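This report describes a protein model in plain terms. It should be read with the sequence and the structure in view.

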Amino acid sequence: MAKAKKKAVFFCRECGYESPKWLGQCPVCHEWDSFTEAPPAQAHIKSNVKGIAGIVQNTPKVLNEVKAGEEERTVTGIGELDRVLGGGIVAGSLTLVGGDPGIGKSTLLLQMCRQLSAAGHKVLYVSGEESPKQIKMRAERIGTFNSSLYILCETDLGAVSETITDMEPGMVIIDSIQTMYSEEAGQTPGTAGQIRETTGILMRLAKSLQVSIFIVGHVTKEGVVAGPKLLEHMVDTVLYFEGEGGASYRFLRSVKNRFGPTNEIGVFEMRQDGLEEVLNPSGYMLQGKPENEPGSVVTCSVEGTRPILVEVQALVCQTNFNMPRRTAAGTDYNRVTLLMAVIEKRLGIRLGGYDAYINVAGGMKINEPALDLGIVAAILSSYRNKAFDSRTVCFGEVGLVGEVRAVNLPGQRVMEASKLGFKRCILPKANSQKLSFDTGDLNGMQVTGVGSIYELLEVI
Ligand code: TYD
Ligand code: MG
């Protein structure tokens, strides 16, 4: 049979979508003018990196006879990282660590390497961005390292995979995927085709040698890892490292995890000597909270399985413009405008003539619906210029007709508030009716259920 002629392939630079012909707009990510041509010889890339089938198992097996057992995990010794990974690093897994440049990805992974090598694992740190000297300088800030950590400064993935095959380390760090290139893909490093190819090679290495690989991926200005979805669906676990420019807090979040829970977060503080774990994030988030100031309300968000208290601030003041200004930092803008519309309609408070600025203090981005009631309380507090009681926590989802709807894990939220010394919780009525506590647990916590934002107004 004659060999089929290899056709050119076009890639979307943004999401990696592949098409046999050039398109003006990507049908997947809707980006305009993002298609580039991959050379014809590369048309095989797709099949090369499809997944792990054929690597770990190549004959059909009866599902019932496959032994699953517990995944073999290596604890990193950094509690917050282990929590986000779902209890440690799974052998043969591929993990993507994404985040803005300078946020601390290299620092976190180097600290992880330090712990792992101290526990006797052979670790290889591949850097395509820094020289051994630069890595050493960073390492000196972090602490002392033992001799089972190896550094390789290389951008050619062919050479890297040879080293991995020869050296057989237990863990490998690739910093960063955007700097790696594979000759087979024949494009400049950092393009979607290259990232797809190099990630595919790493995936196969991880599965066939049972080595755990961490890859660092920079986030582009649009807020996505270059070649975003493409990378995310190829790897086993995706962690995002985020934080606000000036603040020293850093949040590590799992957005995908084939071996554990998602949306779990780990909290760190960037110090002079590297990243420090924050064991009491609620206490940390509430540091510097003003006492008895209008517009400041403490609410409780559940991130993964962990309740975290955060302060919502609102500033509502008369506008000088025809169109009032609205901003939301650390939470969803549309949600805030919607809540303001609900307040306006249901409570009859005319907010049309007011600017409103909402901020979740501490640099954490929260989109949990349970924040709604806190946001509403903060807006009302600022609008009426009346301080919200500083010993009260307020959480619940607010619906379009002003009803306060139940949220998950109410008990844990109340417990967290009690642990931090709060005396009262305002929460959805549906939740408060089902709460059962040993009175001793609550330290005299007063629980107030509200069914609507109208009732909220009555109890504050
Ligand atoms: P880095 O890990 O290089 O970020 P990324 O790999 O995500 O680009 O972090 C660099 C920043 O962290 C830099 O601004 C310096 C700061 N930093 C500290 O504050 N303390 C430290 O101990 C280290 C190593 C870095
Ligand atoms: Mg780096």
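## An exposed arginine and its partner

Arg350 has a relative accessibility of 61% and therefore counts as exposed, since the cut-off for that class is over 50%. The structure in which this residue sits is a predicted model. Arg350 takes part in a salt bridge with Glu344, and the closest N and O atoms of the pair are 3.5 Å apart. Glu344 has a relative accessible area of 22%, so it is classed as partly exposed.

## The protein as a whole

The protein contains 14 helices and 23 strands. Of its 460 residues, 50% are buried. The accessible surface amounts to about 21500 Å², and carbon and sulfur atoms account for 50% of that area.

Contacts can also be described by how far apart the two residues lie in the sequence. When contacts between residues at least 6 apart are considered, 66% of them join residues at least 24 apart.

## A sheet of nine strands

Which strands form the open sheet, and in what order? There are nine, arranged as β8-β7-β9-β10-β6-β11-β12-β13-β14, with mixed pairing. At the edges stand β8 (149–153) and β14 (274–277), each of which pairs on one side only. From one strand to the next, the twist averages 25°.

Helix α5, covering residues 157–167, packs on this sheet and touches β7 (123–127), β8 and β9 (171–175). The direction of α5 makes about 170° with the direction of β7.

## Strand β12 and its neighbours

Strand β12 (residues 249–257) pairs with strand β11 (residues 237–242) in the antiparallel sense, over six bridges. Two of the facing pairs can be located by name. Glu242 has Phe251 in β12 as its bridge partner, and Val238 stands opposite Lys256 in β12.

Strand β12 is also joined to strand β13 (residues 265–271) by five bridges, and these two strands run antiparallel. Here Arg253 stands opposite Ile265 in β13. Is β12 mostly covered or uncovered? It is mostly covered, with eight of its nine residues buried.

## Salt bridges

Side chains that carry opposite charges can pair when their charged atoms come close to each other. The structure holds 15 salt bridges. One of them joins Arg253 and Glu303, whose closest N and O atoms are 2.7 Å apart. Arg253 and Glu303 are both buried.

A further salt bridge is formed by Glu276 and Arg271, with the closest N and O atoms 3.7 Å apart. Glu276 has a relative accessible area of 34% and is therefore partly exposed. Arg271, with a relative accessible area of 38%, is partly exposed as well. Salt bridges also link Lys207, Asp236 and Arg258 in a network.

Gly86 lies in the loop between α2 (79–85) and β5 (89–90). Its relative accessibility is 26%, so Gly86 counts as partly exposed.

Which residues are in contact with Gly86, leaving aside its neighbours within four places in sequence? They are Arg73, Asn257, Phe259, Gly260 and Pro261. Gly260 is 174 residues from Gly86 in sequence, yet their C-alpha atoms are 4.5 Å apart in space.

Thr74 is located in strand β4 (residues 73–74). Why does Thr74 count as buried? Its relative accessibility is 15%, and the class of buried residues takes in those under 20%, so Thr74 belongs to it.

Residues up to four places away in sequence are not counted in the list of its contacts. With these set aside, Thr74 touches Asp82, Gly88, Ile89, Leu116, His121 and Met171.

Technical notes:
Residues numbered from 1 in each chain as written. Chains lettered and ligands numbered in written order. Predicted model: local features only at pLDDT ≥ 70, side-chain atom pairs only at ≥ 80, totals over all residues. Heavy atoms only, no water. Helix = DSSP H or I, 4+ residues; strand = E, 2+ residues; numbered from the N terminus. Buried < 20%, exposed > 50% of the residue type's maximum accessible area, 1.4 Å probe, protein only. Contact = heavy atoms within 4.5 Å. Areas by Shrake-Rupley, 256 points an atom, 1.4 Å probe, with all protein chains shown as cover. Pairing = 2+ DSSP bridges. Axes fitted to C-alpha atoms, helices over the stretch in contact; angles between N-to-C directions. Salt bridge = Lys/Arg side-chain N within 4 Å of Asp/Glu carboxyl O.
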